[in-house]
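I opened a new model today and kept notes as I went.

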Amino acid sequence: MSYAADSSICLERILASTDLSGLTKKDAKTFTQRLEVHFPRLFEHYTYVYGHQYDCYFHLQKLIEILRDGLKSRKPALKKIDNERLKSPLWYRDEQQVGMAFYVDLMGPTLNDLHDKIPYLKALGVTYVHLMPLYDAPQGDSDGGYAVSNYRKVNPVLGTVKDLEKLASSLQKEGINLVLDFVFNHTSDEHTWAKAALDGDKRYQNYYYLFDDRTIPDQYEETLREIFPQVRRGSFTFNEQIEKWVWTTFNSFQWDLNYSNPEVFNAITSEMLFLANIGSAALRLDALAFIWKEVGTNCENQEKAHVLIQAFNCCLQIVAPAVVFKSEAIVHPDEVLKYIDKEECQLSYNPLLMALLWNSLATRKTRLLTHSLKKSFAISNECTWVNYVRCHDDIGWTFDDAVASQLGINPFDHRYFLNQFYTGRFEGSFANGVPFAENPSNGDCRVCGSLASLCGLEGALKNDDAQGIDEAVKRMLLLYGVTFSIGGIPLLYSSDEIGKLNDYSYRQDESKKHDDRWVNRIAVNEEDTALALGQTAPSSKAEVASLRVFKGLQKMIETRKQYSVFGHAQTHILDADNQHCFVFMRENDGGEKLLVVCNFSEHKQQLQRSLLATLNCTSTTDLLSGETVSMEAAPLLLAPYQQLWLLAN
Ligand code: OTU
């Protein structure tokens, strides 16, 4: 019998014994209608993962009750947004979208203070705000909030759930979407589930991966990757209280949830719906690659991880269809692509673009960028990239080794070079980064640092080197310029917009000093915003540079919003006849065409003007300088680090 037939009988039975009397008539109707559309898929996914367990249908029935309760507690204002979004679901492809991610305490410092920061966000053109995890978490080290003790409680230092809801609706009124983290691979060891497990409750012990001895952990560890080898080796932590080994992919206080238990799927769905019902437009699926474990594999990107995420997506479609998923898979480019689908994650971080922009800046060469993006940039029309330059984490060099090898680049040596370059150990490097997660066994390493410090501003200011300062600012604008124009939602990382330098104060903080990612988690204070908004005049070379960065970004964002070709359009990555230049074309259904040409070197470059023929027009304007560029035969000239946004006239 086909799945479709099975699922309709199953749905009929479930509905016959599900009490919908607590729902309004309208909600009951909406609920059953949406179930008719989405239950077949949910059923297929759920039974694929849990069908072999004797109590699968019991849990499926319970899940439907959780969805019912989720819809019941969804506020009317959010239901209205659901209906609007159902009519125009692809809002995220729009050229108007510009994101920013920040920590509440580093920007607020409380949720209520953030209301006053809305003018700042608007001045920059931000329409999407990702608040870094703000849930209740252990005191001291909580992995920057990624160890959640209670999804339904805001960290009291930052405010309350009420404050968060209030902020969500204020942002919404200003046309700004709220994005929240859905940290569902693990909870903190202080979550009530973990506490019950520690008290010996078997039911909750089954929420996690606990082992009596090293036999099974040893089997898994043969093929696992170590995520934070500097802090702790391996992926398991021995817990004295219960005398068991706990699966902890990240820190020892972050316990991996056991998704082979359908009760965990249900419980987490309930938490997810709570977050959706706060009023978020998107949920960032943290560490989604790790949620399914399979012995003999690296336990990343497993098929069932995809099936589970699709099942979560079905649940969201039924209860909160306005909400979309953003994939945070910082993995091999081929694996990144597999999460991107209308029925899985509509949005995805673009770690390949991020890493290769930095690569091009270090090498002054663009062939790895060009070849890699030719292979991996195209995604479904119904989805979009979230393009970023820096974030709260380290930079991992996640390019495809096969593409590198084809170009004669030894991937291992090249990663070594990049780490040396960005940590300033390579002679002539402009960067001031900090090494992260250096693995003594295999030489792996990643890099931390702020945009400005990695682009050379820190060193240039120290040496009072005017040309160095100028180049650093240009590098920052070049990297962001690509994210604004290549296709997708650009996501600014707060403090980049005013080019702030590394903050080394974490080294004096006991709860932070072992985690160098804190070097790029930087406060944006009142002086910074006043300077950016022109309320105070710059009084140092550093401030002059900051202001240049802010104004430069502001101008590019403004420009992006004026032309629909920056929104939903095809992207063609082109071959440039100059190894220092990166070139791509955007083209939309309305016939608008944009050619973007970037110079990744500190020297002037030239390109054959015949490149402009791809625009198929008589003249073109560089939207950044406002200058008309002629189509005549002389070569096209680019100043150091210059980019051109050439619109066909
Ligand atoms: C994420 O990152 C968060 O961004 C980190 O801040 C957290 O520490 C971590 O999850 C745990 O919650 O390994 O080095 O895609 O790159 O999920 C960062 C795989 C990480 C990982 C990513 C993870």
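What follows is what I looked up, entry by entry.

**Ground rules.** I am working with a predicted model, in which local features need pLDDT of at least 70, side-chain atom pairs count only at pLDDT 80 or more, and totals for chains, interfaces and linings use all residues. I number residues from 1 along each chain as its sequence is written. Helices (H or I, at least four residues) and strands (E, at least two) are DSSP runs, which I number from the N terminus.

**Helices 3 and 12.** I looked up how helix 3 (residues 56–72) lies against helix 12 (residues 303–319), and found an angle of about 40° with the axes 9 Å apart. Axes are lines fitted to C-alpha atoms, for helices over the stretch in contact, and angles run from 0 to 180 degrees between N-to-C directions. Helix 3 and helix 12 are therefore oblique to each other. For that label, angles under 35 degrees count as roughly parallel, over 145 as roughly antiparallel, 65 to 115 as roughly perpendicular and the rest as oblique. I noted that Leu67, Gly70 and Leu71 of helix 3 meet Cys315, Ile318 and Val319 of helix 12; contact needs C-beta atoms, placed from the backbone, within 7 Å. The residues of this contact are 5 nonpolar, 1 polar and no charged. Here Ala, Val, Leu, Ile, Met, Phe, Trp, Tyr, Cys and Pro count as nonpolar, Asp, Glu, Lys and Arg as charged, and the others, Gly among them, as polar.

**Helices 14 and 15.** The axes of helix 14 (residues 351–363) and helix 15 (residues 367–376) come within 9 Å and cross at roughly 165°. I therefore wrote down helix 14 and helix 15 as roughly antiparallel to each other. Their contact includes Leu352 and Asn359 of helix 14 and Leu368 and Ser376 of helix 15.

**Ligand.** Which residues come nearest to the ligand? Of the 16 residues around the ligand, I listed Tyr146, Phe250, Ala287, Ile330 and Asp393 as nearest; a residue is near if its C-beta atom, placed from the backbone, lies within 6 Å. The shell divides into 9 nonpolar, 2 polar and 5 charged residues.

I found an open sheet of 3 strands in the order 7-9-8, with antiparallel pairing; strands pair if DSSP finds at least two bridges between them. Its edge strands are strand 7 (210–211) and strand 8 (236–239). Phe211 stands opposite Trp245 in strand 9. Another open sheet has 6 strands, in the order 18-19-20-25-22-23, also antiparallel.

Methods. Contact = placed C-beta atoms within 7 Å.
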